[in-house]
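Work through the exercises below with the structure open. Try each task before reading its solution.

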Amino acid sequence: MTLISAKAETLSVLDRPNSYIGKTVPRPNLDRLMQGRGLYVSDMELPRMAHVVFLRSPYAHARLVAIDATVAKSMPGVVAVVTGEELANIITPWVGVLSHLKGLKSAPQHAIAIDRVCWQGEAVAAVVANSRALAEDAVEAVEVQYEELEAVTDMRTALDPRTPLIHPSLGDNLAFERIHDVGLVDQAFSESDEVVEKEFIFGRHTGVTLEPRAVVADWNAADARLAIYQGTQAPHMVQNIAAFHLGLQESQVRVVCKDVGGSFGIKVHIYADEMATYALSKLLRRPIKFVADRVESFNTDIHARDHRCKGRIGVRRDGVIMAFEIDDLTGIGPYSMYPRTSAIEANQVVNLVGGPYVTKNYRARARVVFQNKNVMCQYRAVGHPIACSVTEGLVDLAAMKIGMDPVEIRRRNLIPDDAYPCASFSGLRFEKLSHHASLDKLLAMMSYDGLRAEQAALRKKNIHRGIGIASFIEVTNPSAAFYGVGGAKISSQDGVAVRLDAQGAVICQTSITEQGQGSESITAQIVASVLGVSMERVRVILGDTDNTPYGGGTWASRGAGIGGEAALQAAKILRRNILDVAAAILQSAPAELDIVDNIVANTSDGAPRIELKELARIVYFRPDTLPPGIQPELMATRHFVPREYPFAFTNGVQASWLEVDTETGFMRLLKHWVVEDCGTIINPQLVDEQIRGGVVQGLGAALFEKCIYDERGQLTNANMADYLVPMSGEMPDIDVGHVVSPTLESELGAKGAGEAGTAGAAAAVANAVNDALRPFNTIIKEIALIPQVILTALGRI
Amino acid sequence: MTAPLPISLHVNGERVDAHVLPRLNLADFLREHLHLTGTHVGCEHGVCGACTVRVNDEIVRACLILAVQTDGMSVQTIEGLSDSGEVADLQAAFRNRNALQCGYCTPGMLMAAQDLLRQHGEPSRERIRGHLSGNYCRCTGYQAIVDAVEATARSRRGRAA
Amino acid sequence: MKASAFAYARVTSVDRALELLAAHGEKAKVLSGGQSLMPAMNLRLIAPELVVDIGGLNELRGIVVRRDVLRIGALTRHVDLLNSSEIAAHAPLLAEAVTHVAHPAIRNRGTLGGSLAHADPASELPACMLALDATILVRGGSGERRIMAADFFRGIFQTALSAEELLIAVELPLARRNSAHFFLEFARRHGDYAIAGLAAQAVVEAGVAMDLRPAFFAVGDRPVMPKAASRLVNTAVTPALLSDASTALGEELDPHDDQQATASMRRHLAKVLLVRCISALLGRPGLGVAGRAT
């Protein structure tokens, strides 16, 4: 490992004694969560707080002819019934486009629909009452006249001239199209010995965060300030957008994130009903609480991954992959989501297909079309699962066609570990990846040859097990290249302020946020390690725009790499400042001193010189005893933004081992393995747990999850009995291993790891199923792999 | 008869007298009337397990039982189990193994895990997974939770021996 | 989602419950375990005016063997069936079936009576009643009726129970000598409703089924004991015979399409269940090797 040091006398944190970096330490402050004493937004109560329930359209597409709330307004406990028109006086509409996604177009979206609803579940009125139950009673009494319109519900025909236009002013139902063509694709295919083509079909998914979306908006008219309590991943973004659309200054808006019951990207977007809640608070001059119920969550939380992707691969008999080609179609909702846009997922698919491989020839077309279904946007591993499933599915097909082992074909085509830095055929710059080392490690961990032997033996007894491998790359630590360049006010930098308090403890304020992945812990680990204090002394404050530096928050696996580096740099400055004061007090030189275990000590012999607690007492209460001219500064702030690489790519490889009951179509996931290279690991257990959680979300996609819409645009399985999420009974144990290639962009060297599990899990399972079913000459290229699908492929039904 | 009805019950060992509407379910009663917000609401149709509490010493879904039905009963929530120390070792195991991330499923998960451990001193991983199969977790992928429950079972056996 | 407002009555006698049901008819709902009623109310799929809580009717509890009959009270919870030594001795099929019902927290509240009255075609206990040749006891204003399980389940969520009647208990004949049972269901996840399932009670002597009551569930609008199974009784079962019975079974069943499976998949799974059932009951694992029973 190579490390950068800014100054020769500064030890890199990774070498410091008692460093927490690289250590599995339990996260601090878990007790409150385990005792049921957390504070989730859904737990919050404020004086005079009222509850909003939204009346939602039962139609996928309809004109709003009339709304009569007379009866509803007179019902017990009802504070107000507000329509889209009334709310439009308080909050302006928005359009989800970014300028760097050329050609992306969308229509203005209001907080509450005006004149027309465009998906089943879109809010048409807000009922505010003293309790959720009373508001729901009143919702039933609101009379709405709809004129049902034809709904666009099939992405395959969305661009047909005969299909109605959802937004006539846009000219067609195409939100975005991207074409990419590099190398000599046609020539490469013609030089291939085998060309395989398949259409991959993915189910529409949603996050199903256990705590639904929840907001408490509190407009204090006397202060002219709006406090928004929300489980958002990006509080400064919410602050900016709420202020902008409500006609306020950012400094008038405070966003506070309490404990968040799961997000995974679901809570990083701007939702119409949440914007409506902010506006309602301003209108009604009292706190308003919105907590989506589970049915609402299914109908209005962003969906994701609704793709049909035609993939093509050309391969030579010697195993060399000549070219990849994809034609991807995705059907979003009637609006591109705000502000991150619903084109990013398709854009990622184009960027990431073929990423691990040396192939130089690639052509891609991705089209994003509007539909009258729920809105769609970034959800954990954005686009990666699609790209990985298509790529790895094609690679396995190619291997099968030429009679090569799936491991062997990967060995012949993965970018060599010593080829870096280099670029992929979609123009992505790779600093340092480790595809081969990771694959080697994976094969050892899973005893690949042993499993193949077991597979062969069991096949003779008509027991069908399969092995599936999936290599992948992952986008982490994004720079402004993701959103900022397109005009979005989404920060790609983060900041950390650290200070020594009057008792010698450390208070740390960071702009990254916590949803359970361990942001608080890694910040404390880094700061404690750099400063030389014990972790118990470090208190981390996050999720409050009034009390943290300005930053991007936690999403796209950027918390550790970017927020962590800011913490490291800030702590370095604080350490230097402390030693400057200590040197003055002790009549020594800063270079002769270090901080170890909460005490300033001699670097030479480790002898303790002064406790931090004592130093703090002097600085804060007895500066009269300091040498003349000294102005101690026991607080430091540093920000960090990636400058060299637009994204810090990581890589990994996953394997699935499963058994398919060919009589019933049911399958058992026996085991799963992941080898992940995410650079410097701050807390091994937290990284592994992120990977496991991510894998299981991917397994959910592979086996269970699918939003099922009918032709009229009705979501027919909007509850937890019918939309199946993975539960403990069906999930395998997951072994995780690592290769470590730190990034040189930062001293910490950490890349991201939050989404790797989800990126490759479904691909590994799909490949394993097809591997298991090899004797039956059938290839399945759709997920979810429900028993119905498997039996149909086997020709049993 | 849709007027509030009087109920008298014990919650975490404390006597509670209240007047509640018939339609108020136990989860909402605990959260909104008693401000015991450790019992979480995730689906309100009995599927996710986030609202799991103990009524008369048996785990139930608080969203599927009316507050009026608990008249005369004894209810224990995660706050009570924590304060009595009953699940202290389980919580320690959860902490050490990071068997929680966002924490939203955790109260219900601890309830279900403790329920299992009271019935089976040496549960296999399969049995643990089966007993927890009605508690949804989106963050952990379950393995850490199974590890923590297994470790607690082992250490309880060790202490009992 | 919060339930609509309703009036609530916790009754202290069966007679009082029947009075209220007679007075309110379809506008009243009986609250037993509440594990099916409450989700429906929370989702506002139903909005009764009156909820009659029968939880205090102790006379509806109890598992008792009297003469040659096992009587199970309607308020017997799933967990009680699991823990009962009488059930283990006389109706082990029930104990095994109950392990597939939902999850522990649900089983601590859900009742046998509630499950039977709810009559979800995909649920386990109605099929068990068929397999166990149960008699279902109901009481109404005009007295008590005894209804054979085969006549009780009439369709999706439909039974012979009128809105003014209460399910009181079930009576099962005690298991005969050489009784055997089989239970298998195909569900997507632990505790989910089955996509197809089979609860079977049999008498097996020297490798021959002297009596066979296979009750299929989730493959029609009610649990069904197909006539096709009679081909396998009192005879030596060969792979060919089993295959014939399987084919006949497929023709006899009338399953539905839904999001989890098509009718044809349910038919297929029913056949697989039959083969696995017979193989297990007769102790002949190779009887229906995969691929042959189609």
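## Exercise 1: a sheet and its helices

Helix α15 (residues 559-586) of chain A lies across β24, β25 and β26 of chain A, and its direction makes about 120 degrees with that of β24(A). The model is a predicted one.

**Solution.** 
1. The open sheet has 3 strands, ordered β24-β25-β26 in chain A, with antiparallel pairing.
2. From one strand to the next it averages 30 degrees.
3. Check one pairing. Strand β25 (residues 599-602) of chain A joins β26(A) over 3 bridges, in the antiparallel sense. Within β26(A), A:Pro608 is the bridge partner of A:Ala601.

## Exercise 2: two aromatic pairs

**Task.** The structure holds 16 aromatic pairs over all chains. Classify the geometry of A:Tyr59 with A:Tyr146, then that of A:Phe482 with A:Phe647.

**Solution.** 
1. Start with the tyrosines. The ring centres of A:Tyr59 and A:Tyr146 are 5.2 Å apart and the planes meet at 70 degrees, so this pair is edge-to-face. The cut-off for that class is over 60 degrees.
2. Locate them. A:Tyr59 is in the loop between β1 (50-56) and β2 (62-68) of chain A, and A:Tyr146 is in strand β6 (residues 143-148) of chain A, so the pair ties together parts 87 residues apart in sequence.
3. Check accessibility. A:Tyr59 is partly exposed, at 25% relative accessible area. A:Tyr146 is partly exposed too, at 21%.
4. Turn to the phenylalanines. A:Phe482 and A:Phe647 are also edge-to-face, with 5.2 Å between centres and 75 degrees between planes.
5. Locate these as well. A:Phe482 sits in the loop between β20 (464-476) and β21 (494-500) of chain A. A:Phe647 sits in the loop between β27 (635-640) and β28 (648-660) of chain A, 165 residues away in the chain.
6. Compare the surroundings. A:Phe482 and A:Phe647 are both buried, whereas A:Tyr59 is partly exposed.

## Exercise 3: charges over rings

**Task.** Which ring lies under the charged end of A:Arg213?

**Solution.** 
1. The ring belongs to A:Tyr271, with its centre 3.8 Å from that charged end.
2. For another case, look at A:Arg312. This residue lies over the face of A:Phe189, 4.1 Å from the ring centre.

Conventions:
Residues numbered from 1 in each chain as written. Chains lettered and ligands numbered in written order. Predicted model: local features only at pLDDT ≥ 70, side-chain atom pairs only at ≥ 80, totals over all residues. Heavy atoms only, no water. Phe/Tyr/Trp six-rings, centres within 6.5 Å; stacked < 30°, edge-to-face > 60°. Helix = DSSP H or I, 4+ residues; strand = E, 2+ residues; numbered from the N terminus. Buried < 20%, exposed > 50% of the residue type's maximum accessible area, 1.4 Å probe, protein only. Lys NZ or Arg CZ within 6 Å of the ring centre and 35° of its normal. Pairing = 2+ DSSP bridges. Axes fitted to C-alpha atoms, helices over the stretch in contact; angles between N-to-C directions. Contact = heavy atoms within 4.5 Å.
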